[in-house]
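Reader: Could you walk me through this structure slowly? I am new to reading these models.

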Amino acid sequence: MAVNLVNVEQVSKVYGTRALLDGVSLGVSEGDRIGVVGRNGDGKTTLIRMLAKLEEADSGRVTHNGGLRLGVLTQHDSLDPGKTIRQEVIGDLADHEWAGSAKIRDVLTGLFGGLALPGFEHGLDTVIAPLSGGERRRIALAKLLIDEQDLIVLDEPTNHLDVEGISWLAGHLRARRSALVCVTHDRWFLDQVCTRMWDVQRGAVHEYEGGYSDYVFARAERERIAATEEAKRQNLMRKELAWLRRGAPARTSKPRYRIEAANELIADVPPPRDTSELMKFANARLGKTVFDLEDVTVQAGPKTLLTHLTWQLGPGDRIGLVGVNGAGKTSLLRALAEAARTQGEEQPAAGKIVVGKTVRLAYLSQEVHELNPNLRVLEAVQQVRDRVDLGKGREMTAGQLCEQFGFTKEKQWTPVGDLSGGERRRLQILRLLMDEPNVLFLDEPTNDLDIETLTQLEDLLDGWPGSMIVISHDRFFIERTTDRVMALLGDRTLRMLPRGIDEYLERRRRMEEEATPSAAAPRTSAAPAPSAAPAVSAQASRAAKKELQKVERQLDKLSTRETTLHAQIAEHATDFEKVAKLDAELRELVTERDELEMRWLELAEDA
């Protein structure tokens with residue numbers, strides 16, 4: 001029988017006049033992996049701080065099992081700024097001792113990319129004081145994971161980690177024996193790691209079995225049965241459930257909840273996105289040209305990040321952009337944004353960027369630009385526009401859009417200066433959308449946003465007609481809002497990944513495996529080196545890239561046509577002659593698509 005590690009009995013906590021927690025009773029047992037979710041400000045961090053006895057409850061009590069080994073990662077680390085990374089993480093262990101530990105090697109490689117800590121100037125001997133908050137947080141996480149604990153409590157552990165780091169952390173936590181309580185807005189991470197969920201809402205904590213996918217279904221089902229009056233929130237969850245069931249292929253392989261009940265719940269929910277319809281609307285708003293890049297070189301100061309880039313962002317394209325830190329994701333967006341701002345007059349270091357005449361760009365950067373702190377939320381939005389056209393005949397007032405983004409009627413009159421970091425991020429996104437752009441660049445849009453706000457943003461972007469590039473370490477958000485994934489792998493090229501982020505992680509693993517043996521292999525003069533394959537010339541490489549872009553556009557057209565054919569077959573299901581014709585056309589199309597995909601793979605190697 002599992003031993004109870006922590007008991008929370010009738011705990012209450014009040015801030016000002018607001019009860020964050022009201023008579024909450026919970027327990028954490030050996031082997032539990034609990035994800036904590038809820039809106040910003042509803043008490044998630046307060047709950048886990050009281051669980052770890054870092055904060056006192058106003059009433060009730062929290063008890064720990066005798067001798068409990070507890071590890072806690074808070075949002076503010078307690079590292080000594082005067083010490084080095086070696087002193088904080090490894091302590092007094094000699095080099096041969098820590099280097100001989102598989103766990104320490106795994107943690108350092110997983111969080112920092114190598115035992116030498118390549119991102120830090122002096123490696124393990126780097127002093128902590130001048131480091132950024134994100135770097136300090138990774139150090140604190142490494143220090144925590146190297147130790148042995150009975151229970152680990154983590155507050156936003158995926159912050160400041162890239163896609164690879166998040167994937168590694170999920171695998172590492174699954175392999176540990178420690179119990180886990182984790183607050184995070186990363187839904188992919190919750191699905192990978194957690195087997196139970198705590199939902200903090202209005203002073204209460206609701207418990208659900210399973211990971212995030214199960215939680216979405218169970219909560220929507222619970223609210224449907226209870227016939228709550230929160231119809232808008234329920235509809236958003238039902239739409240997200242429809243995405244989980246119909247959308248990303250990675251999720252359909254593990255339908256852990258009851259299929260019949262899930263199908264009944266989403267029977268009247270439309271698909272998250274009608275790609276064909278949105279593409280037609282985007283063409284009408286944008287014309288044929290959005291951004292055309294010809295042999296472009298992108299630099300950041302003296303550093304060259306991308307070379308000979310030939311690529312096209314077309315009307316209605318929804319691109320997820322992933323890559324290693326420092327590979328040039330943000331720099332690429334800035335180069336495109338600068339060309340758009342100057343109508344093509346400002347060009348990159350080499351090559352040419354052609355900007356469509358109808359392009360109206362909105363760029364959400366990672367920095368939250370300061371607004372007048374004395375403005376009310378609604379006033380800050382109305383400064384941009386009173387009403388916004390969302391396409392397909394949908395229109396919203398500034399107040400309605402504020403409510404959709406979690407700013408209630410009372411909150412709309414809050415001064416901007418009194419908002420939290422997450423609320424300011426929401427306001428920044430809101431103001432961008434109010435300006436009615438037809439091209440969106442979103443650089444880490446999920447920072448500081450809670451899960452409910454993310455689902456609201458995703459719901460809005462589902463029906464948004466235009467071109468979009470999203471940079472994010474949130475796999476769920478990328479899969480939910482974009483149709484194609486492209487990657488910067490640190491080799492100065494931009495690559496399309498047909499299988500998305502899973503393919504990106506596979507490529508990165510292969511690159512690391514190829515780099516490791518070559519660095520470690522001893523040189524010998526006895527055996528002659530194998531003859532190298534002839535290098536592809538720069539001219540041939542550029543030609544391959546051009547053809548690659550052409551093939552990608554053809555694949556997009558075939559995908560759109562395939563969707564149309566499926567719809568026509570369903571429409572004429574009783575007309576056997578018509579169905580036979582359509583089916584023959586569909587078979588030809590599938591054959592053509594397979595040939596194009598093979599050609600794409602060949603060109604990708606040359607490019």
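Reader: Which residue does D435 form a salt bridge with?

Author: D435 forms a salt bridge with R360, and the closest N and O atoms of the two are 3.2 Å apart; a salt bridge here is a side-chain nitrogen of Lys or Arg within 4 Å of a carboxyl oxygen of Asp or Glu. The pair links distant parts of the chain, 75 residues apart, with D435 in the loop between α16 (421–434) and β17 (439–443) and R360 in the loop between β13 (350–355) and β14 (361–364). Helices (H or I, at least four residues) and strands (E, at least two) are DSSP runs, numbered from the N terminus.

Reader: What kind of model is this, and how are residues numbered?

Author: This is a predicted model, in which local features need pLDDT of at least 70 and side-chain atom pairs count only at pLDDT 80 or more, while totals for chains, interfaces and linings use all residues. Residues are numbered from 1 along each chain as its sequence is written, and side-chain values use heavy atoms, with hydrogens and water left out.

Reader: What about R507 and E503, where are they?

Author: R507 and E503 are four residues apart in helix α19 (residues 500–520), so they are separated by about one helical turn. Their side chains meet in a salt bridge (3.3 Å, N to O). R507 counts as buried at 15% relative accessibility, and E503 is buried with a relative accessible area of 8%.

Reader: Why does a spacing of three or four places matter in a helix?

Author: An α-helix has 3.6 residues a turn, so residues three or four places apart point the same way.

Reader: New topic: which residues have the most contacts inside the largest nonpolar core?

Author: They are F291, L293, W311, L336, I353, I469 and Y504, in a core of 85 residues. A nonpolar core is a set of buried Ala, Val, Leu, Ile, Met, Phe, Trp, Tyr and Cys residues joined through side-chain atoms within 4.5 Å. This core draws at least three residues from each of domain 3 (289–508) and domain 4 (536–604), the domain bounds coming from an automatic or database domain assignment. Apart from this core lies another, of 48 residues, among them L73, I85, L145 and L190.

Reader: And how many disulfides are there?

Author: The count comes to zero disulfides, a disulfide being a pair of cysteine sulfur atoms within 2.5 Å. C182 is in no disulfide, and the nearest cysteine sulfur, that of C194, is 5.6 Å away. C182 is buried, with a relative accessible area of 0%, and C194 counts as buried at 5%.

Technical notes:
Buried means under 20% relative accessible area, exposed over 50%, partly exposed in between (1.4 Å probe, protein chains only).
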